[in-house]
Amino acid sequence: MKKVSPAMAAIGLLSISALFSGCNSAQGDWTKASSDNTVLTYEAFIAAHPRDSHVAEARAMILHLKDDAGWQVAQYTDTAAAYQMYLQEFPQGSHLAAARAGVTTIERASAWRSAQDTGTAAAVRAFVQTYPTGPEIVQAKARLRDLTNYVAHLATESTYEQALRKINHLKSRLSDAPLQFAITPASGGTFSIDAINMTEQDARNACEMFRREREACQVVKP
């Protein structure tokens, strides 16, 4: 370790003394330090009066000022990395909740842009599941509804009971297929049988499967 020369030590002591020039007591030095309210003056006070009763308060004020300065840097930079750095440097800081919210906001916005760029129902659904709250969620849910608004129309039955029996029959034959069926009123008092909540490609694939089972099927977007 490099030794500090007597001359350098003397310069350091003179610098501390200069900060408190005109003050003749620890109380006076504390008044000046608390009035200036800077890290430098608090550190100088501690160096000049290491056993004073105000030392603990001075150290607390140093932490507070550094915490606020770190938070201002994070806000000015406004990136997830900057907020993460604040959280790492000040694990007991007074801005933890805001920093975490900043990280979430930026990551959520980035995830939504990625989901939009990908443009698939799977990507949008993953976003909705990961970020169920936030300003993007309304648009995301609307986009998901639009992407999964296709149905595979299978048949129309004259009564609800007949439609239900038809669905149960289809489920027994296609038990491995992850399909969601619905019975909806149609014209003339009939009931429509549909596999619902699918993308256009999913609906086309479903219809191909139904046709292999010799069932009529038509892709429809209501």
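Student: Which residue in strand 4 is the bridge partner of Val151?

Tutor: In this predicted model, Val151 has Val220 of strand 4 as its bridge partner.

Student: In which sense do strand 1 and strand 4 pair, and over how many bridges?

Tutor: Strand 1, which covers residues 150-157, pairs with strand 4 in the antiparallel sense, over three bridges.

Student: And how many bridges join strand 1 to strand 3?

Tutor: There are six bridges between strand 1 and strand 3, and the pairing is again in the antiparallel sense. One of the bridge partners is Ser192 in strand 3, which pairs with Thr156.

Student: What is the order of the strands in the sheet?

Tutor: The four strands form an open sheet in the order 2-3-1-4, with antiparallel pairing. Strand 2 and strand 4, the latter spanning 218-220, are the edge strands, and each of them pairs on one side only. On average, neighbouring strands of this sheet are turned by 40° against each other, direction ignored.

Student: Which helix packs on the sheet, and which strands does that helix touch?

Tutor: Helix 10, residues 200-212, packs on the sheet and touches strand 1, strand 2, strand 3 and strand 4. The direction of helix 10 makes about 40° with that of strand 1.

Student: Let us go to strand 2 and strand 3. How many residues lie between them in the hairpin?

Tutor: Five residues lie between strand 2 and strand 3 in the hairpin. Within the turn, Gly188 has a positive phi of about 70°. The two strands, residues 181-185 and residues 191-198, pair in the antiparallel sense over five bridges.

Student: Which residues stand opposite each other there?

Tutor: Thr184 stands opposite Ser192 of strand 3. Ala182 has Asp194 in strand 3 as its bridge partner.

Student: What does Ser192 touch, leaving out residues up to four places away in sequence?

Tutor: With those residues left out, Ser192 touches His153, Ala155, Thr156, Ala182, Ile183, Thr184 and Ala186. For Thr156, the C-alpha to C-alpha separation from Ser192 is 4.5 Å, although the two are 36 residues apart in sequence.

Student: Changing topic to the helices. What describes two packed helices?

Tutor: A pair of packed helices is described by the angle between the axes and the distance between them.

Student: What are the angle and the axis distance for helix 6 and helix 7?

Tutor: Helix 6, residues 96-118, and helix 7, residues 121-130, pack at about 160° with their axes 8 Å apart. The two helices are therefore roughly antiparallel to each other, as an angle over 145 degrees counts as roughly antiparallel. Their crossing is left-handed.

Student: Which residues make that contact?

Tutor: Helix 6 contributes Arg108, Ala111, Trp112, Ala115 and Thr118, while helix 7 contributes Ala123, Val124 and Phe127. By class, the contact has six nonpolar residues, one polar and one charged.

Student: At what angle does helix 5 cross helix 6?

Tutor: Helix 5, residues 80-89, and helix 6 cross at roughly 155°, and their axes come within 9 Å. Helix 5 and helix 6 are therefore roughly antiparallel to each other, and their crossing is left-handed.

Student: Which residues meet between helix 5 and helix 6?

Tutor: On the helix 5 side they are Ala80, Tyr83, Gln84, Tyr86 and Leu87. On the helix 6 side they are Leu96, Ala99, Arg100, Gly102, Val103, Ile106 and Glu107. The residues of this contact divide into eight nonpolar, two polar and two charged.

Student: Where is Lys171 found?

Tutor: Lys171 is found in helix 9, residues 160-173. Lys171 counts as partly exposed, because its relative accessibility is 43%. The C-alpha atoms of Lys171 and Phe181 are separated by 9.1 Å, and these residues are 10 apart along the chain.

Student: Finally, the whole protein. How many helices and strands are there?

Tutor: The secondary structure comes to 10 helices and four strands. From the N terminus on, the elements run α-α-α-α-α-α-α-α-β-α-β-β-α-β.

Student: And what percentage of the residues is buried?

Tutor: Buried residues make up 32% of the 222 residues. Among contacts between residues at least 6 apart in sequence, 51% join residues at least 24 apart.

Key
Residues are numbered from 1 along each chain as its sequence is written. This is a predicted model: local features need pLDDT of at least 70, side-chain atom pairs count only at pLDDT 80 or more; totals for chains, interfaces and linings use all residues. Side-chain values use heavy atoms; hydrogens and water are left out. Two strands pair if DSSP finds at least two bridges between them. Axes are lines fitted to C-alpha atoms, for helices over the stretch in contact, and angles run from 0 to 180 degrees between N-to-C directions. Angles under 35 degrees count as roughly parallel, over 145 as roughly antiparallel, 65 to 115 as roughly perpendicular and the rest as oblique. A crossing is left-handed if the near helix is turned anticlockwise from the far one by less than a right angle, and right-handed if clockwise. Contact means heavy atoms within 4.5 Å. Ala, Val, Leu, Ile, Met, Phe, Trp, Tyr, Cys and Pro count as nonpolar, Asp, Glu, Lys and Arg as charged, and the others, Gly among them, as polar. Buried means under 20% relative accessible area, exposed over 50%, partly exposed in between (1.4 Å probe, protein chains only).
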